[in-house]
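This report describes aromatic pairs, charges over rings and nonpolar cores in the model shown below.

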Amino acid sequence: MIEKKQYRVLHIFSAYGGGISSLILNLLENKKDNLSFDTLAFSYDKGEGFVQSVENQGGKCYLMKSARKDGIGQCWNSIKELFEREHYDAIHCHIAGWMCIPFRYAAYKYGVPVFVIHAHTTRYDSKIDRTAIVQRLNKVINYRCATHYMVCSDMAGEYIFGKKYMKKKPTELIPNGIQEGKFLDHITEEEIAGYNQEFDIKDDAMIISHVGRFSVPKNHEYILEIAKCLKQRQVNGIILLIGDGERFDEIKSKAEQMKLLDIVRFLGRRYDISKLMQYSDMMILPSINEGLPTVAVECQASGTPMLISDRVTRQCDMNMGLVEFLGLDSAETWCEKIIEKKDTKLKITDCVKHIRNCGFTAAIAGQNYCNMMYQSICDAEK
């Protein structure tokens, strides 16, 4: 076989600008020269920065029609037009279950030999997909469609593919690694003072942060219940809600109704997450479900203690004593733990070194990803 100089991979996912976009950027920035990435999604969702980053690296970003909004015919036509115009050596599909079928058909029809399905979650968003019969059907579909599996955690892999099917296909763990350089850039006293002024926070207040898209799985209502408990106990603390999403206005309205806007700040989308994590005394993640949240690893890289829902995989704990898992039955318990864990931060350089040794950096994830993808394409060409 004559080795090609360049192999092209198409990443397919729902919307530019979310967590999967961050993963793709990490992989893109750490990819091998013989791989190039294009992306295909349904909407931009304020992901202009992501698009610019992909294009700066020589990739192209495409939009497809939505079957729900534009009809199945238009959706398929937009997919078909792309595959007729561009040739790919592999498809990396971040959409699992029955929704991946049109992409798998396009790969088959236009001769793309490698079709990777990536497990990112431990719970489907759709109620229909969460029914027992559809979950079983989706696992069969994933097995039939995928040539290779990728997982962000063992828990996500078992949920999306099933233990039985995971044993039958090549599977690669691609951790949601951190960009370690961002965390070695330590926050300064001037930056802390600037944040205090920007967010209208007193110097002695405890800073509790949450980073995540405003969507159902992130469980923002529960965060408001925690804020309510903190206020009732007259804790000198402020909760920063960092992120954007379809439920942003709804959650902010609920906070106003609960008279919590004095202790809850809505920061929207930010691009200084590593500094905000260092600025925080504590982070909370009461998610209903997650795959392996990058924010949990990033938080530990910043040396900041974290409370995480017990619905989240234990693989996100880097074993530095910074993470505690809690159930979602009592917001009062979360409040007590927040008070208890104050002033338990660790030195950042030690934390980043430990996470690097655990293999949870973007560089290591990118290297493992490219090795698997390159080998899969080469094997398919034999």
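## Charges over rings

Arg314 is placed over the face of Phe325, 4.3 Å from the ring centre. A charge counts as sitting over a ring if NZ of Lys or CZ of Arg is within 6 Å of the ring centre and within 35 degrees of the ring normal. Lys109 also lies over a ring face, that of Tyr110, at 5.7 Å from the centre. Tyr110 itself belongs to a cluster that ring pairs form with Phe83 and Tyr88.

## Basis of the values

The model is predicted: local features require pLDDT of at least 70 and side-chain atom pairs pLDDT 80 or more, whereas totals for chains, interfaces and linings use all residues. Residues are numbered from 1 along each chain as its sequence is written, and side-chain values use heavy atoms, with hydrogens and water left out.

## Aromatic pairs

A pair of aromatic rings is described by the distance of the centres and the angle of the planes. Rings of Phe, Tyr and Trp (its six-membered ring) pair if their centres lie within 6.5 Å; planes under 30 degrees apart count as stacked, over 60 as edge-to-face and the rest as tilted. By this rule there are 16 aromatic pairs. One of them, Tyr124 with Tyr159, is tilted, at 5.5 Å centre to centre and 50° between the planes. Tyr124 lies in the loop between strand E5 (114-119) and helix H6 (132-145) and Tyr159 in helix H7 (residues 154-160), so the pair ties together parts 35 residues apart in sequence. Helices (H or I, at least four residues) and strands (E, at least two) are DSSP runs numbered from the N terminus.

Tyr124 is buried at 10% relative accessibility, and Tyr159 is buried at 15%; buried means under 20% relative accessible area, exposed over 50% and partly exposed in between (1.4 Å probe, protein chains only). The rings of Tyr149 and Phe161 are stacked, because their centres are 3.9 Å apart and their planes at 20°. This pair links Tyr149 in strand E6 (residues 148-151) to Phe161 in the loop between H7 and helix H8 (163-166), twelve residues away. Both Tyr149 and Phe161 are buried.

## Nonpolar cores

A nonpolar core is a set of buried Ala, Val, Leu, Ile, Met, Phe, Trp, Tyr and Cys residues joined through side-chain atoms within 4.5 Å. The largest has 102 residues, of which Ile91, Leu240, Tyr279, Ile284, Ile308 and Ile338 touch the most other members. Helix H11 (residues 220-232) supplies the largest share of this core, seven residues. Apart from this core lies another, of 29 residues, including Val9 and Ile174.
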